[in-house]
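Please look over the structure shown here before reading on. The paragraphs after it go from the whole chain down to single residues.

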Amino acid sequence: MRWLNQLFGTDNHTPETTQHDLHRAAAALLLEVARSDGEVDENETRHLIETVQTRWHLDPEEMQDILGEIESRLNQATDLFEFTAPLREHWDPETRVALIEDMWAMAASDGNADAHEEHMIRRVSDLLYVSHGDYIRAKMKAVNSEQ
């Protein structure tokens, strides 16, 4: 839980946010997309782990360990700002667009990107200051690669 306290500033002496902490926050947003349609199926879980391994080099054992922590934090979160603010602050625009593309790929991984998932990705896109054009390009790239 130390990384959550660092990332969300609940420690009195919060050290600098690491890239590893940011990757975990991004993984939490990916999980939130998967959860937004009311069910996280096996394909979505596998896609989440593969994406995190490929993109950010978190290993599968660590992902299994932190999935519960992430889910708990998502259940307690009042909004997405606490996940997106550190990413917006520390990541360049290209990296934030890549996250939106990963979110679209997550939404399409179960064969259907539904309206709840689309709404979630749109909200995150706005909070990350991703332009509408980049949002659409990320959607087209991710959805077309899943087909």
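The model is a predicted one. The protein chain holds eight helices and zero strands, and along the sequence the pattern reads α-α-α-α-α-α-α-α. Of its 147 residues, 48% count as buried. The protein chain exposes about 7600 Å², of which carbon and sulfur atoms supply 47%. Among contacts with a separation of 6 or more, 70% link residues 24 or more positions apart.

In soluble globular proteins, nonpolar side chains tend to be buried together. Here the largest nonpolar core has 38 residues, and the members that touch the most others are Leu87, Leu99, Ile100 and Met103. Two or more residues of this core come from each of helices H2 (19-35), H3 (42-56), H4 (60-76), H5 (81-90), H6 (93-108), H7 (115-127) and H8 (132-146). Helix H2 gives the most, with 10 residues.

Leu87 shows what such a position touches: leaving aside residues up to four places away in sequence, its contacts are Leu22, Ala25, Ala26, Leu29, Arg96, Leu99 and Leu128.

Trp104 lies in helix H6. Is this residue buried or exposed? Its relative accessible area is 1%, so Trp104 is buried, the cut-off being under 20%. With residues up to four places away in sequence not counted, Trp104 touches Ala113, Glu118, Ile121, Tyr135, Ala138, Lys139, Ala142 and Val143. One of these, Ala142, is 38 residues from Trp104 in sequence, yet the C-alpha to C-alpha distance between them is 5.7 Å.

How values were computed. Residues numbered from 1 in each chain as written. Predicted model: local features only at pLDDT ≥ 70, side-chain atom pairs only at ≥ 80, totals over all residues. Heavy atoms only, no water. Core = buried A, V, L, I, M, F, W, Y, C linked by side-chain atoms within 4.5 Å. Buried < 20%, exposed > 50% of the residue type's maximum accessible area, 1.4 Å probe, protein only. Helix = DSSP H or I, 4+ residues; strand = E, 2+ residues; numbered from the N terminus. Contact = heavy atoms within 4.5 Å. Areas by Shrake-Rupley, 256 points an atom, 1.4 Å probe, with all protein chains shown as cover.
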